[in-house]
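Thanks for coming. I will take you through one structure this morning, starting with the sheets and ending with a few backbone details. Please have a look at it first.

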Amino acid sequence: MKLTDQESRLLNGEEGEIKALAMSYLVKLGNAFDGKEMVDIAYAHMSSGSALREGEIEYLGELADRGARVVVPTSSEVIPVDLRDPEAIQAPTPIVKEHRKLLNIQRRMGIASTYTCVPFTQGYVPAKGTYIASMESAAIIYFNSVLGAKTNRCGYFVLYAALTGKYPKIGYLLEENRKGTHLVSLEANLNGSTDYGALGYHVGALVGSGVPVFEGIDQPRQEELMVLGAALATSGTVAMYHIVGVTPEGRTTGEALGGGQPQEKIIVSEREIREVYRKLHTAKSSIVDFVFLGCPQYTVEQIRVAAGLLDGRRVHENTTLWIGTNRMAFAMAERMGYYDIIKKAGGVLVCDTCPMLSFLRLDSLAKQGLPGPAFKTMLTDSPKQAKYANNTMGCETILDKVDGCVEAAVRGKWEG
Amino acid sequence: MPGKAVGEALVLREPISFQGEIDEEGFIVAAGHPYAGENVSTKILIYPEAKGSSGGCMMLRLLAKRGKKPAAIVNTRNLDANLVEGAILADIPMLCYPEKDPYDIISTGDRVEVDGETGILVKMS
């Protein structure tokens, strides 16, 4: 890998030991992919570090003590608890305390404590063609596909990218890896974001790490694309897709495929969409003790819709309802009165966290000496959450659209 | 990824996600996964490619801290940057795109050697 004089100075420690450490990791990563050079990045979305994984917050704190500061705009990922109102979800005090420490560390380092999987809904909207470094598969795929900014499926190394402003030019930062590989013709009518999620879940499993090109999707909403992308990156490793005539690098089918031929053509009909709902329905009982909406985190518009469905009603006494969002959407939901409606109905508008990454994970409950699973059956409108809740929370799941989810939350029972 | 390892092969024909499909002890916990119940720790893990959420690299790092990491990873279909980050942090030798199809040659339980520097994968017994 060829480094510029400035990059060599970073690596040699002339700009301090932290930047040298960060640069050494980035060079190793670049070499593993036979990268030729580094690029400057315009933005970073990094892991917050979780108190559930030992040593992560401590490590970040040590770096901060040694003077680590980010050099590009940097937002941060969902954490295991809600710091706004931890009592509302009965978050364990020790984990809450750890994350209050994290908040202080992030302040010192210049990292925005967004605790979100959808930073592009909160002002972090990198421009088309810019290089960025993002973790969170649901964010990565949105940045690449919908915004046309260029990121890899980064993980922990976003920290090193944020500390140096550099990332090796590999993977999805290279034009040749952004071309469509599979052509997907949609022959089903999609109705709402959960259907988009079902489409993504079906196609992700077929294309693996490919770049699907969708034909037949018209006028999708932001939320629908958020759920589509999250699902593609759950059943597969998809980091990029094109929607012909919609996304910026796929104005035509030819442009989306980069002038080449697709490896495979896939036709999706109503049958395949319905099959995903069936696959993610692992519950044996129709009694629902947990309803979760908001994976990815709900936007103000989605909170408005859910509050409208809940208005004047009451969540069943044996059912817990969480609606997941971030602090910025929360502020607007509070101003618009949606928070009051949800609270009055007995639901919780949750910030900062989501069930599959929260203290309700089986491994976290075991560490707290608590029996698991926390809930027997989770009903959700998100294929991603449904898939991971089975594995990490030990819940059985049901997938349904938002109106079906709210109806079941009120009845305590899912009636199809 | 540089580094050498010798160990028992665990051959998976399906992609796997270190985030959510493998627990902190290295067991494959994904419900319905064809290899559920297998343990990846100390194994030479051979599988097509990584999949799923980008938290996978942190899970590899944690497995390493707990002494439960795989001895080496061989991916046959695709090399995922997130997984490579995890391999660097966890100091796990890694190979990708073998010339011959390892599924024809290596089965679970075989003793194999991996050299991440030279890119050599050898079946020993």
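Axes are lines fitted to C-alpha atoms, for helices over the stretch in contact, and angles run from 0 to 180 degrees between N-to-C directions. Helices (H or I, at least four residues) and strands (E, at least two) are DSSP runs, numbered from the N terminus.

Now the ground rules. This is a predicted model, in which local features need pLDDT of at least 70 and side-chain atom pairs count only at pLDDT 80 or more, while totals for chains, interfaces and linings use all residues. Residues are numbered from 1 along each chain as its sequence is written, chains are lettered from A and ligands numbered from 1 in the order in which they are written, and side-chain values use heavy atoms, with hydrogens and water left out.

Let me begin with chain A. Two strands count as paired if DSSP finds at least two bridges between them. On that basis, four strands of chain A make an open sheet, in the order E8-E7-E6-E9, with parallel pairing. Its edge strands are E8 (242–243) and E9 (264–268) of chain A, each of which pairs on one side only. Strand E6 (residues 182–186) of chain A runs parallel to strand E7 (residues 212–215) of chain A, and four bridges join them. Which residue of E7(A) is the bridge partner of Val184(A)? That is Phe214(A). Across E6, E7 and E9 of chain A lies helix H7 (residues 193–207) of chain A, running at about 155° to E9(A).

Chain B has an open sheet too. This one has six strands in the order E4-E3-E2-E1-E5-E6 (chain B), and the pairing is mixed. Strand E4 (94–96) and strand E6 (120–123) of chain B are its edges, each pairing on one side only. From one strand to the next, the twist averages 25°. Three bridges connect strand E1 (residues 4–11) of chain B with strand E2 (residues 44–47) of chain B, and these two run parallel. Within E2(B), Ile46(B) is the bridge partner of Val11(B). Helix H2 (residues 81–90) of chain B packs on this sheet, where it touches E2, strand E3 (72–75) and E4 of chain B, and its direction makes about 155° with that of E4(B).

Next, how the chains meet. The contact takes 40 residues from chain A and 30 residues from chain B. Buried area is the accessible area (1.4 Å probe) that two parts lose on being put together, summed over both. Between chain A and chain B that area is about 2800 Å², with carbon and sulfur atoms giving 55%.

How many salt bridges are there between chain A and chain B? The count is three, a salt bridge being a side-chain nitrogen of Lys or Arg within 4 Å of a carboxyl oxygen of Asp or Glu. One pairs Asp80(B) with Arg153(A), the closest N and O atoms being 2.7 Å apart. The elements giving two or more residues to the side of chain A that touches chain B include helix H2 (17–32), helix H8 (222–235) and helix H15 (383–393) of chain A. The largest share of that side, five residues, comes from H15(A).

Over all chains, the salt bridge count comes to 32. Within chain A, Glu98(A) forms one with Lys101(A), with the closest N and O atoms 3.1 Å apart. These two residues are separated by about one helical turn, because they are three residues apart in helix H4 (residues 93–109) of chain A.

Last, the backbone. A cis peptide bond joins Cys295(A) and Pro296(A), with omega about -5°. Pro296(A) sits in the loop between strand E10 (290–293) and helix H11 (300–310) of chain A. Another cis peptide bond joins Gly372(A) and Pro373(A), with omega about 0°. Finally, Tyr115(A) has a positive phi of about 45° although it is not a glycine, and Tyr115(A) is found in the loop between H4 and strand E4 (133–134) of chain A.

How values were computed
Contact = heavy atoms within 4.5 Å.
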